[in-house]
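Hi,

Here is the structure I promised to pass on. Have a look at it first, then read my notes below.

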Amino acid sequence: ESTLEAVLLLGPRQVGKSTLLEQMPIGSHLVLDDLALRERAQKDPALVLEGIKLPCLIDEVQYAPNLFPEIKLRIDRARKKKKSHEL
């Protein structure tokens, strides 16, 4: 059984990417148009992601590239934990 862990949706501006994703069952929604949230996401991505409900939609994530390594780390940890439980 495979689990969808992360999806990056790319496309031109104003074509409905966010609207499309908002139609899906989302646990959390972070919008990085908010300058204060964007700054926190850049300075302390682990703190920003702490306690979010999954799945999480992160809109305008390109404004906080420091989130990407933190997301990867969390996916890797979850994979390792899942693998150890399967053994």
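Is glutamate 70 buried or exposed? Glutamate 70 is buried, because its relative accessible area is 13% and buried means under 20%, exposed over 50%, and partly exposed in between (1.4 Å probe, protein chains only).

Before going on, a word on the ground rules. This is a predicted model, so local features need pLDDT of at least 70 and side-chain atom pairs count only at pLDDT 80 or more, while totals for chains, interfaces and linings use all residues. Residues are numbered from 1 along each chain as its sequence is written, and side-chain values use heavy atoms, with hydrogens and water left out.

Now the overall picture. The chain has 4 helices and 2 strands, where helices (H or I, at least four residues) and strands (E, at least two) are DSSP runs numbered from the N terminus. Their order from the N terminus is α-β-α-α-β-α. The C-alpha trace spans about 45 × 30 × 20 Å along its principal axes. Of the 87 residues, 18% count as buried.

Back to glutamate 70, which sits in helix 4 (residues 67-86). Setting aside neighbours within four places in sequence, glutamate 70 is in contact (heavy atoms within 4.5 Å) with Pro45, Ala46 and Leu49. Glutamate 70 also forms a salt bridge with arginine 74, with the closest N and O atoms 2.9 Å apart; a salt bridge is a side-chain nitrogen of Lys or Arg within 4 Å of a carboxyl oxygen of Asp or Glu. Both residues lie in helix 4, 4 residues apart, about one turn of the helix. Salt bridges that share partners join Glu50, Glu70 and Arg74 into one network. Arginine 74 itself is partly exposed, at 28% relative accessible area.

By that rule the count is 5 salt bridges. Here are two others to find:

- Arginine 79 pairs with glutamate 5, their closest N and O atoms being 2.7 Å apart. This pair links distant parts of the chain, 74 residues apart: arginine 79 is in helix 4 and glutamate 5 in the segment before helix 1.
- Glutamate 39 and lysine 43 meet at 3.2 Å, N to O. Both are in helix 2 (residues 35-43), 4 residues apart. Lysine 43 is exposed, because its relative accessible area is 65%.

One last stop is proline 25, in the loop between helix 1 (17-22) and strand 1 (28-31). Proline 25 counts as exposed, at 69% relative accessibility. Its C-alpha atom is 9.8 Å from that of leucine 57, 32 residues apart along the chain.

Cheers
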